Amino acid sequence: MQAVILAGGFGTRLRPLTSTRPKPLIPFANEPFLLHMLRQLAAGGFSEVVLSTMYLPEAFDEVIPAARKFGVEVTLSSEDTPMGTSGAVKRLADLLEGTFLVLNGDILVDLDFERLVQIHRDRGAAATLALVRVPDPSAFGLVPIDAEGRVQAFLEKPGPDEEAWVTDLINAGVYVLEPSVLDHVPAGKPSSFERNLFPSLLASGALVVGTELHGYWRDLGTPIAYLAAQADLLEGRLNLPISATEHGRYQWLAEGAEIADGAVLRGPVLIGPGARVEAEGRVFGPSVLGPGAVVAGGARCERSVLLAGARIEQGGKVFDSIIGAGVVVGSGAVVGDGAVLGDNVVIDEGNVLAGGLRIAPGVHLPPGAIRV
């Protein structure tokens with residue numbers, strides 16, 4: 001059976017991290033996020049994946065050899081213009097044979113894919129959707145179902161001021177589809193699953209089934225969600241393999257990681273290959289240090305992610321932030337409170353960045369340029 005992963009978005013909510021890489025290739029626990037998804041599909045019995053891309057499509061070449069190692073053959077197909085979610089799948093129709101699975105490329109989900117397919121086949125559905133229950137559905141479209149699991153409608157976001165919602169079930173971004181449903185998608189025109197295809201199926205009388213997902217689910221579309229998901233992994237709320245060896249409770253060190261005498265690791269942390277925490281450097285979790293990242297003596301990294309080659313110089317401090325690849329946080333500089341730094345940024349001493357500031361790749365802030 002085949003799976004389609006939709007990975008063509010620009011990832012604007014995650015800029016500047018996505019200024020230099022597609023969102024599905026942002027490192028998650030020191031591996032491209034997409035690899036985690038491909039590994040899950042392999043475990044669920046999927047050996048063929050079609051990857052629909054558009055933004056920086058050549059970057060996806062790197063996942064093909066890694067996917068083959070765990071038995072998944074990936075076919076890349078790139079759009080010239082945005083076609084929407086169902087429009088992107090319509091474009092791939094000639095590559096698809098029989099019932100197939102579709103996943104959004106920016107969700108973390110703990111789901112038994114084989115069981116979802118079996119539910120779909122047992123019900124004889126045209127489309128089967130994984131649904132997730134959320135405490136506040138005001139930011140999502142709602143998907144009410146009847147007692148037999150048949151989808152009743154696709155409703156717009158209810159808005160935070162509405163006193164009651166029809167349901168708190170939302171679309172989890174995972175579908176099992178029959179090839180015939182693509183007859184409802186116009187060729188060569190943008191089309192959305194939620195706004196176009198699924199409502200068209202309901203209007204035609206086709207059976208659209210929704211089944212509640214009881215495992216982990218998170219949309220990785222924002223910096224807050226990205227940090228929270230890595231905390232969930234390190235603290236045991238999300239079950240994914242971690243490519244490192246566990247040393248003590250919830251602390252992982254990859255091959256070649258160096259922890260100097262006098263360095264302090266506290267809480268759940270992942271120290272990547274070749275990363276280094278120098279004497280009197282401090283890493284408080286949940287935090288992830290990417291390959292070759294450095295926390296120098298007297299520096300602190302708290303509840304943050306440092307991508308490959310990032311460095312916090314002596315006396316520098318990073319907290320609750322995401323630090324791009326190759327970034328240098330200078331001596332005594334402070335970066336925190338939701339800041340996101342693009343790749344190869346240099347923050348010289350005397351700068352204080354907070355309040356969710358985002359710094360584009362390659363920017364060099366001279367001493368004392370920003371104090372927020």
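Which residue's side chain does the side chain of Arg21 join in a polar contact of 2.8 Å? I looked it up, and the partner is Asp343. A polar contact is a pair of N or O atoms within 3.5 Å; within protein, one must be able to donate a hydrogen and the other to accept it, and residues adjacent in sequence count only if both atoms are side-chain atoms.

**Ground rules.** I am reading a predicted model, where local features need pLDDT of at least 70, side-chain atom pairs count only at pLDDT 80 or more, and totals for chains, interfaces and linings use all residues. Residues are numbered from 1 along each chain as its sequence is written, and side-chain values use heavy atoms, with hydrogens and water left out.

**Entry: Arg21.** I found Arg21 in the loop between β1 (2-7) and β2 (27-28). Helices (H or I, at least four residues) and strands (E, at least two) are DSSP runs, numbered from the N terminus. Arg21 counts as buried because its relative accessibility is 12%. Buried means under 20% relative accessible area, exposed over 50%, partly exposed in between (1.4 Å probe, protein chains only). A polar atom of the Arg21 side chain also lies 2.9 Å from the backbone oxygen of Leu17. I then listed contacts (heavy atoms within 4.5 Å). Beyond neighbours within four places in sequence, Arg21 touches several residues, including Tyr55, Leu307 and Asp343. The loop between β1 and β2 also holds Pro16. A cis peptide bond joins Arg15 to Pro16, with omega about 10 degrees.

**Entry: strand β6.** Next I checked β6 (residues 100-104). 5 of its 5 residues are buried, so the strand is largely enclosed by the rest of the structure. In a regular strand the side chains alternate between the two faces of the sheet. On one side of β6 I saw Phe100, Val102 and Asn104; on the other, Leu101 and Leu103. Then I looked at pairing (at least two bridges found by DSSP between two strands). β1 and β6 pair in the parallel sense over 5 bridges. Gln2 stands opposite Phe100 there. β6 runs antiparallel to β9 (residues 169-177), joined by 4 bridges. Leu101 faces Val176 of β9.

**Entry: helix α6.** How many residues does α6 (residues 223-234) have? I counted 12 residues. The helix reaches 17 Å from its first C-alpha to its last, close to the 16 Å expected. The expected span is 1.5 Å times one less than the number of residues. 9 of the 12 residues are buried, so α6 is largely enclosed by the rest of the structure. Among the buried ones are Pro223, Tyr226 and Leu234. Gly236 follows α6, with a positive phi near 90 degrees.

**Entry: an open sheet.** I traced 6 strands in the order β15-β18-β21-β24-β27-β30, with parallel pairing. β15 (264-266) and β30 (352-353) stand at the edges with a single partner strand each, so one side of each lacks a neighbour in the sheet. β15 and β18 (residues 282-284) share 3 bridges. Arg266 has Phe284 as its bridge partner in β18. Pro286 sits in the loop between β18 and β19 (287-289). The peptide bond from Gly285 to Pro286 is cis, with omega near 0 degrees.

**Entry: positive phi.** Glu280 is not a glycine, yet its phi is positive, near 70 degrees. I placed Glu280 in the loop between β17 (276-277) and β18. Glu280 is exposed, at 53% relative accessible area. Arg303 has a positive phi of about 50 degrees. Arg303 is partly exposed, at 36%.
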